[in-house]
Amino acid sequence: MKTILILNGPNLNLLGKRQPHIYGHQTLVDVERLCQSVCPDGFQVSLKQSNHEGQIIDWIHEARETTCGIVINPGALTHTSIALLDALNTYEQPVMEVHISQVHKREAFRHHSYISLRADGVIVGLGLDGYAAGVRRVVALSEER
Ligand code: CA2
């Protein structure tokens, strides 16, 4: 069984609980269900969230041995974290970057992403469907290898 890691950064534990006008009403449990539902036979997802940069970096290091791809919504670390970029640069399988909101319609500081320097694709503004699209793409790239 191949495992795709769905990684979520700071504050995304509040998904479905705060600011529904930006992030909608569904929670990370719904994200995990949605992502699993688009996996073909032989693939599974594992969803993780942390508010701590170091924890996310440790999970990326572990994922080098245990996963076939990463779908990551790094939250605000997208715009600030060279350390997260460096960690993803050590990861050799497909990486898809997802943002629930259309960051380019928002404040200018959300327009730049360090993570995009590594990501094999970037999905922005599709709501939670972006995670499903990310999983589909990781599966496709993984099957090409
Ligand atoms: O649109 C996205 O997915 C973001 O990655 C979300 C980040 C934001 O800093 C990025 O610019 C774009 C914020 C995550 C906060 O998540 C919350 C979810 C529900 C309620 C409050 C915060």
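On a 1 Å grid over the protein atoms alone, a pocket is an open set of points where a 1.4 Å probe fits, with protein on both sides within 12 Å along at least five of seven lines. In this predicted model, local features need pLDDT of at least 70 and side-chain atom pairs count only at pLDDT 80 or more, while totals for chains, interfaces and linings use all residues. Residues are numbered from 1 along each chain as its sequence is written, and side-chain values use heavy atoms, with hydrogens and water left out.

**Pocket**
- The largest pocket has a volume of about 380 Å³, a volume being the space filled by probe spheres set on the grid points, which are joined across faces, edges and corners.
- Its lining (residues with an atom within 4 Å of a point) comprises 19 residues, and Pro10, Asn11, Leu12, Tyr23 and Gly75 lie nearest the centre.

**Ligand**
- The ligand takes up the space of the largest pocket, the criterion being that more than half of its atoms lie within 2 Å of the grid points.
- Around the ligand are 17 residues (a heavy atom within 4 Å), the closest being Asn73, His79, His99, Ile100 and Ser101.

**Polar contacts (N or O pairs within 3.5 Å)**
- A polar side-chain atom of His99 lies 2.9 Å from a ligand oxygen atom.
- A side-chain N or O atom of Arg110 is 2.9 Å from an oxygen atom of the ligand.

Methods:
A polar contact is a pair of N or O atoms within 3.5 Å; within protein, one must be able to donate a hydrogen and the other to accept it, and residues adjacent in sequence count only if both atoms are side-chain atoms.
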